[in-house]
Amino acid sequence: MKALIFDVDGTLADTEKDGHRVAFNRAFAEAGLDWAWSVDLYGDLLAITGGKERIQHYMDQYDPVFELSTPVDEFIANLHQAKTRHYKALVSKGGIALRPGVESLLRAAHADHVRLAIATTTTLINVTTLIGSTLGESAIDWFEVIGAGDVVERKKPAPDIYQWVLDKMELTGQEAIAFEDSENGVKSAAEAGVTQIIVTTNAYTAQQDFRAANIVMDGLGDANQQPSLQKGDAPLHGVDLAWLSTL
Ligand code: XBP
Ligand code: MG
């Protein structure tokens, strides 16, 4: 194990239902659109990674007759910028906490000089804002490489973002452990050659197909919360560096 590579949304923090989804709806309302993504509908829309791609998918599937006066790419880019502004405001106010066990694992890995990276579909500013608001301004520097959003052409489940991070770190997939929450993320990491994939599910992803993952549980666990395991095994006191180095 030479590096730990973390997904962000759903993995570091449960950001989707009360974070991104709320930000999308605030941007829609601000633009005078009558679109409102319910918790259930958003769960379906999460099949499409990337906020801009998700808006495009929604228009195609749910509002195909929507009249546009500007080019669609410009419309979507502006709407997504507004959504990102709302998301940044929500996270900056401390609206999103890290999931159990995440802070202690990141702090231990940083203290032990374990190489850390991020491989995410979300927009970079969302990553720096979340890390800054939960771990402090300097914590973003704990991550040697941050692969986020449009840095690659094809988002998850395509392997591009994990391949980009591995290339930057000059590592092969066998030398890193990936932490993910979704089927799209596991597919992306597995296709990039990552052989150790740990999944921490959430309400949106618990029923998904994690065939390529070694361990599937409902969270990393910590001193107060034992993880419940769907697949593989993990220490009941929570995932820590000592245990990860045995993988
Ligand atoms: C999750 C995503 C992102 C977020 C929204 O990313 O698919 O699109 O839902 O963020 P991951 P943006 O699980 O890979 O962290 O609107 O910035 O895309
Ligand atoms: Mg995710």
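## A tour of the salt bridges and the domain contact

Begin by selecting K52, a partly exposed residue with a relative accessible area of 24%. On this scale, buried means under 20% relative accessible area, exposed means over 50%, and partly exposed lies in between (1.4 Å probe, protein chains only). The structure is a predicted model, in which local features need pLDDT of at least 70 and side-chain atom pairs count only at pLDDT 80 or more, while totals for chains, interfaces and linings use all residues. Residues are numbered from 1 along each chain as its sequence is written, chains are lettered from A and ligands numbered from 1 in the order in which they are written, and side-chain values use heavy atoms, with hydrogens and water left out.

**From K52 to its partner**

Next, select D150, which forms a salt bridge with K52; the closest N and O atoms are 2.8 Å apart. The term salt bridge denotes a side-chain nitrogen of Lys or Arg within 4 Å of a carboxyl oxygen of Asp or Glu. D150 lies in the loop between β3 (143-148) and α7 (160-169), and K52 in helix α3 (residues 51-62), so the pair ties together parts that are 98 residues apart in sequence. Helices (H or I, at least four residues) and strands (E, at least two) are DSSP runs, numbered from the N terminus. With 51% relative accessibility, D150 counts as exposed.

The residues K52, E53, D150 and K155 are linked in a network of salt bridges.

**The two domains**

Colour the protein chain by domain: domain 1 covers 3-15 + 96-244, and domain 2 covers 16-92. These bounds come from an automatic or database domain assignment. The centres of the two domains, taken over C-alpha atoms, are separated by 25 Å. In the contact (heavy atoms within 4.5 Å), 17 residues come from domain 1 and 23 residues from domain 2.

How much area do domain 1 and domain 2 bury between them? The figure is about 1,500 Å², with 55% of it on carbon and sulfur atoms. Buried area is the accessible area (1.4 Å probe) that two parts lose on being put together, summed over both. To see the leading contributors, select T15, N126 and Y204, which supply 38% of the area that domain 1 buries against domain 2, more than any other three residues.

Between the domains there are two salt bridges and eight residue pairs in polar contact (both at pLDDT 80 or more). A polar contact is a pair of N or O atoms within 3.5 Å; within protein, one must be able to donate a hydrogen and the other to accept it, and residues adjacent in sequence count only if both atoms are side-chain atoms. Highlight helix α6 (residues 124-135) as well, as this helix gives five residues, the largest share of the side of domain 1 that touches domain 2.

**Two further pairs**

The whole structure contains 13 salt bridges. For one of them, select R115 and E144, whose closest N and O atoms are 2.6 Å apart. R115 lies in strand β2 (residues 115-120) and E144 in strand β3, so this pair joins parts 29 residues apart in sequence. R115 is partly exposed at 27%, and E144 is partly exposed at 41%.

Finish with K156 and E180, another salt bridge, with the closest N and O atoms 2.8 Å apart. Are these residues buried or exposed? K156 is buried at 5% relative accessibility, and E180 is buried with a relative accessible area of 1%.
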